[in-house]
Amino acid sequence: MNSLEEYERLVKIGKEIHTLKGVAALLGWDQETYMPEGGSLARSEQLELIASLAHKADTSKRFSNQLQKLIDIESGKLKATDLSPEKKAALREWRKHYNEETKLPNSFVKSFAKLTSEAMHVWSVAKRTNSFQKFAPYLERIVAMNQKKAQLLGYKEHPYDALIDVHEPGMTKKQIDKLFGDLKSSLKTLLKKILTKKAPDTSFLKGEFSHDEQMKMGIYFLTQMGYDFKKGRLDISSHPFSTTIHPSDSRVTTRLDPKAFMSNISVVLHEGGHALYELGLPAEHFGSPLCEAVSLGVHESQSRFWETRIGQSRAFWEGYLPHLKKTFPQLSKVLLDKFYKAINLVEPSLIRVDADEVTYSFHVILRFEIECALLEGKLKVRDLPEAWNAKMQEYLALTPKTNSEGCLQDVHWSMGEIGYFPTYTLGNLYASHIFQGFEKAYPDYEKRLAKQDLAFIREWLRENIHRHGKRYSALDLIEKASGSIPFSSSAFISYLTLKYTSMEE
Ligand code: ZN
C-alpha cells in the first residue's frame, strides 16, 4: 500500500472520531437549548459515554498503528516523505494530539473529570451564595492537579507553558509576559486619557425592544455576514455560544435582553464569527487536522474581528443604523456619531464579559497573573480573594463588594481550566494583527460597510484563515494573513489609540 492509501485509512479512522465528537456537540447543544429539565441526568450519562468512546478512539491501537506507519510517534520523524506539505502538516498535528491524549494516564483523566464535575456544581452554589470558602478546597485540588498535569505533559521553561499549549499550541508564558506587559502600560495611559473626558450619552441604548424583532435582527445580521442558514441555526440560550456538529452544521445561540438591543447584536456578530470559521474549514478534509481550527486564540480572533473591528466601527453603523431605526423607531432621532460613541463607551467594570474593548484586557491580564502565581505556589488559594481585589484596584480602580462579582465570577477554574484565559486577549491581538492584511486588501473597506456590504469580509477571512485548518501554526497563519508582519501587540494598541483619539474630535 502506498503512503496516500495509508493516509486515507488514517483519515477514515479520524472521521469516526470526529463523528463521535459531533454527536457530543449535538447533545451539548440540545442540553443548552431545548432539553427538558428532566433529561439532565440521562444527558450527563450520554455525554460521558460519548466522551469516553471518543477518548478511547483517539488513543486506540488501531489509530496509533496507522499513524506509526506514516510518522514515527516517538521521534516525530516523517516516514511518508512523498505526501503533500498539507498532509505532512496533518501528520505532525495528529502526532501532537495523540501524544497529548496519551501522556495523561487514564486514572488521572478520570479523577480530574470527577473533581471538576463536583467543582462546577460547588462553584455555582458558591457564586450564588457568595461563599468563597465553599469553593476554596476544590480550587486547591484543581491547582494541584494542574501542577501535576503540567508535569505529565512536560515543558521547557514554565509549567504554564504546558497548560497554555493545549489551547494555544506553541505559545509560552514568556511570550505572553511580553505581549501583556506592553498592553498593560499602553492601555493604562489610554484609559487614563479617556476617563478624563466626558462620558457619552448612552441612555437611548436602553428601552423596550421586542423579543421577535430582536430575533429577526439576529437572523438579519447573520445573513448579512454570509452565514448560511442551510448549515446553521440561531436559537436562544442563557449563555450564548456556538457549536459545531460538522463542517456543514455550525450553530449559534444568543440571549435577548428586552431592555437593551446591543447585547444581542454583539453576541450574534461574535458567535457568528466563530461559526463562519468552522463553516469555512475545508470539509473535504473532514476527519483530519486540516479541517480543524488552529487554536482557541485564532478562533477568538474570528469572533472579535466581526464583533469589534467590524461591528463597533463607525462605517458599519453608517450602513446599518438606518435598518436599526426602521426596526426600533424609538431610535429614529439618534445621530450616527452619538450612536457610535455610545456603543463604544469605556467604563471600568467588575465583570469581564461586560467589559469594553479598552478595559477587557485588564480582566484577562489579572487572571493570567493570578494563575501563574497559583501554579508557582507563590499565591495560596485562601489568599486569592485578596490578591484579586488588589489587582482589580490597581488596574481598574475598583473593588468588588463580593467574591461573586470578584474571583468567583467565571466558570473556567471550576472546569479545571488554567491556561485558557489568555486566549481571549490573544484573540483580540490576533484580530488586529490580521486586520492589517485585510486593510491592505481592501483600503476602501469602510465605503463597502457603509453600503451594507459584508460578504467580501467573509471571503477574505475564508481565503486567509479558515480554509487552512491546522496547516500552519497560529503565529505563522496570522503573520501570513497580515502580509508578513511579525506578531506583536502593537496593531491592537494603535487601533484602540487611534479609535479613541479620533472620537474626541
Ligand atoms: Zn468567543
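**Helices, sheet and zinc site**

Helix α9 (residues 211-225) lies across β1 and β3, at about 145 degrees to β1. This is a predicted model, where local features need pLDDT of at least 70, side-chain atom pairs count only at pLDDT 80 or more, and totals for chains, interfaces and linings use all residues. Residues are numbered from 1 along each chain as its sequence is written, and side-chain values use heavy atoms, with hydrogens and water left out.

Q: Why is histidine 270 called buried?
A: Buried means under 20% relative accessible area (exposed is over 50%, partly exposed in between; 1.4 Å probe, protein chains only). Histidine 270 has 12%, so it counts as buried.

Q: And what makes histidine 274 buried?
A: Its relative accessible area is 10%, so histidine 274 gets the label too.

Q: What makes His270, His274 and Glu300 donors of the zinc ion?
A: Donors are N, O and S atoms within 2.8 Å of the metal (3.2 Å for Na, K and Ca); water is not among the atoms, so sites may look incomplete. Here NE2 of His270, NE2 of His274 and OE of Glu300 lie 2.1 to 2.3 Å from the zinc ion, so they qualify.

Q: How do you know that β1 pairs with strand β3?
A: Two strands pair if DSSP finds at least two bridges between them. There are 3 bridges joining β1 to β3 (residues 249-254), and the two run parallel, so they pair. One example: aspartate 235 has threonine 253 in β3 as its bridge partner.

Technical notes
Helix = DSSP H or I, 4+ residues; strand = E, 2+ residues; numbered from the N terminus. Contact = heavy atoms within 4.5 Å. Axes fitted to C-alpha atoms, helices over the stretch in contact; angles between N-to-C directions.
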